Structure formats: structure tokens, C-alpha cells
Amino acid sequence: MSASPLKVIVAEDSELQRLYLCSLINALGYQAIEAEDGAAALDLIRNTDIQILISDIEMPNLDGIALTRAIRQLDLDHYVHVIVVTGADDTEVREDALRSGADDFITKGGSTETLKARIRAATRLINHAKELAERTRALKEKNDLIEADLRAAANAQRQLLPDLHDDLLGFHVASAFAPSAIVSGDMFGCFEVSDDMLGFYAVDVSGHGVRASLMSVAIGHLVSPDYFRTHGFDDSGKPDPAALVAALNARFSTSDDDDYFTMFCGIINRHTGQLIFCQAGYPSPYLVDTTGDTLPLGDGGMPVGMLPFARYENNTHTLSRGSALVICSDGAAEAENPSGEPFGNDRVRSIAQNLSNVGVEQVPVDIVAALAAWRAGPPLEDDLTVVALERK
């Protein structure tokens, strides 16, 4: 028992019976609050935080069953335990009371020990509910702190993601990024690696949330212009993005966890338009020419960090002037509408195909907008990265 006695409402129209029940309840260490009928009891329930009610069945204005039903319809921030007083043989009445929401029964003229047991059982439930509420409050406070930290981490991570809307070495680059959660597993970059060469990459880390985010940030710090120059060229100075991907695979496949990522990595010559690229499980980007014809580049490849003995290959293609490369993570094709239908590669390709009409800056924006309409409200289930690169 707490220092402040728990209050119990006693709803009984018989003054003698009401005083008798109140005296028993007070003698047990509780504080009895009198209600001369069901209406008075309901008013007390509405305007106080009392959580135990002992109610007679037959009362004027509002009987015990109607009172119980009315209590269950109230929008209270706490639960009220209703103990109904019935006759010994009132089986049907008890069934009606249960259907209306009563929790327990005592028999008129029953023993004091029974009354004590019923009230103490209700008290245990109330105390348990208070403990749960306190734990919920504490968990919510901790969760709010975690969410605040995640938002701060997300802001820091997004500052690492380049906002690509620029001209580099005779190419115009545009990008869009839409995370599925507070933090993301996508990373991308585009930069000059020599006077004549532009290097770029896009990465999609497996999984979601903090773990994927930390890995993507690590990759973003690692894959710099210097990293491209050191690992993305062979001894003769020829672009070799497959060697860069292999170096990343050797680095990340040594860990004991199951983390891996897909990647598309390329180096393109500003004068010839020759693109040498390596695809490591990342969706094939679309090459869009000036007429709107589209060609998917690459045929798959092994993800990075999955198998230490994986081998990676270079592929070559030439971008003519005015043509563009549209790189899009699988968050687009796999996004489902409310009916469970995926957006699919064909829809991504049709938007990319329109590049010659709307311009390279608009294509990433159009893909993000099309997916928002496709989802019809819910956020994406996977991170989305779109990078469009046009040879001017």
C-alpha cells in the first residue's frame, strides 16, 4: 500500500448497504468514495482519476450494467476496474455484466476476505499498469533521443552526398537522392581524375538503417579522386575501374559480417567520349542518345564484399556528343504501388528516354516525382539515387 490510500468508488442506492461497504473498504486501508446511484458514479469517473469501482446491479437513473457500458465508452487515459455486486445465483446477470465490460464480481453478503481479495487484485493490476506506463515513458524518451541522433547523423551524411548539378570536363551532371529511412545506404560521386578523365561511381549498400549508413559513409570517405587515381588506372595509365572495384572487394570482404554493396564505376574520356566501366551487381544504367533511343549498359556482375575471390571486368562504350548516361539504384524499379506492383525497369527506362526532350537536369526530378505518385503516399522502402551524366 502507498502512503496515500487508493480510492474506491462505491455505487449503491441503498444508504445502509453503501455505508456498510464503505466501512469495510476503509477498514482495509482504502478510501471509499460514495455514489448514491449510477449517474453519480459515472460523473465521478469522468472527473477524477479513480480506477476502482464497486457497483450494485440494480440502481435508479443508471443501473450497474448500463454504468459499466458507459464507462467503457469513455475516452479515458487510464483503465477503470469495475467490480459488480450481484446475488449468489445471478448467473445471467453476471454474463450480461461481463459482456458490458465488468472485470469481477462480489456476492451480496459475501465475506470480507472475498472483498479484500477482489480489491487487492485490482490494485495489483493498477500498479502493474503504472509500471508499464513509466517504462513506456522512459522508452519513449530514449527513443526520442535516438531519433534526434539519427536525424543529426542523416543531416551529416547528406552533406557528404554531392549535390551534382554542375559542368565537369565537358559533361553536365545532375542528381537526385531520396532516402527510405532517416539514414541511408546509398553513396555516389563524380569528379575529375585527370585533365582528360572524369571518374564517377554509385554504391548501394545492402540492408537499411544505421549499419548500411555507416558503411556507405566509409565508402564515401574512401572513394575519393585520389583513390580513383591510385586504384583506377593500370601501370600504363589506362583506365581500369575493375581494378578499383577489386581493391574495394579485397578491403571489405575480409570482415566477419555479411555486409556487401553493389556498385557501378566508370571513367570517361572528355575528348573521345570513351567510357570504361565496371558493373558490380548494380542495376544497368541507360545510355540515351539524342534521338531518345536507350541502351542498358552492363550485364550484372558480382557485388562487392560478398566473396573475396570475386573477379571484375571492364566494359567499354562510347558516348557521342549530346548523349547521356542515366544511373538509377534499384530503389526505383523495386518500388511497389499500394497494390504490390513494382515500378519496374520499363518505367524507369521510359522516363530516361525522354531526356532529349526535357533535358538532363529534369530526368532525376521526373524519376523521383513518378515514384512518389506510384507509391501514393508511403515513403520508398529502399534508398533511391539517380545520377544523369550528359556529354555536351
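The report below goes from the whole chain to single residues.

## Basis

This is a predicted model: local features need pLDDT of at least 70, side-chain atom pairs count only at pLDDT 80 or more, and totals for chains, interfaces and linings use all residues. Residues are numbered from 1 along each chain as its sequence is written, and side-chain values use heavy atoms, with hydrogens and water left out.

## Overall shape

The protein has twelve helices and 16 strands. These are DSSP runs numbered from the N terminus: helices are H or I with at least four residues, strands are E with at least two. The C-alpha atoms fill a box of roughly 105 × 45 × 30 Å along the principal axes. The radius of gyration is 35 Å, whereas a compact globule of 392 residues would have one near 21 Å. That radius is taken over C-alpha atoms, and the globule rule is 2.2 Å times the number of residues to the power 0.38.

Of the 392 residues, 46% count as buried. Buried means under 20% relative accessible area, exposed over 50%, and partly exposed in between (1.4 Å probe, protein chains only). The protein exposes about 19200 Å², and carbon and sulfur atoms supply 50% of that area. Areas come from the Shrake-Rupley method with a 1.4 Å probe; for residues, only the protein chains shown count as cover. Among contacts with a separation of 6 or more, 66% join residues 24 or more positions apart. Contact means heavy atoms within 4.5 Å.

## Helix α1

Helix α1 covers residues 15–27. Its 13 residues should span 18 Å at 1.5 Å a residue, and the end C-alpha atoms are 18 Å apart, which agrees. The expected span is 1.5 Å times one less than the number of residues.

Which residues of α1 are buried? They are R18, L21, C22, L24 and I25. They cover an arc of only 160° around the axis, so they sit on the same side of α1. The arc is that of the directions from the helix axis to the C-beta atoms. An α-helix has 3.6 residues a turn, so residues three or four places apart point the same way. The face turned away from the buried side carries the exposed residues E15, L16 and A27. Just after α1, G29 takes a positive phi of about 100°.

S55 lies in strand β3 (residues 52–56). S55 is buried, at 0% relative accessible area. Leaving aside neighbours within four places in sequence, S55 touches A11, G64, L67, I83, V84 and V85.

I71 lies in helix α3 (residues 64–72). I71 is buried too, at 2%. With neighbours within four places set aside, its contacts are L42, I45, L53, V80 and V82. I71 and A310 are 239 residues apart in sequence and 67 Å apart in space, C-alpha to C-alpha.

## Positive phi in loops

N61 is not a glycine, but has a positive phi of about 70°. N61 is in the loop between β3 and α3, and is exposed at 67%. L169 has a positive phi near 50°. Its loop runs between β6 (165–168) and β7 (171–178). L169 counts as buried, at 12% relative accessibility.

## Cysteines

How many disulfides does the structure hold? It holds zero. A disulfide is a pair of cysteine sulfur atoms within 2.5 Å. The sulfur of C265 is 6.7 Å from the closest cysteine sulfur, in C278, too far for a bond. C328 is in no disulfide; the nearest cysteine sulfur, that of C190, is 16 Å away. C265 is buried at 0% relative accessible area, and C328 is buried at 7%.
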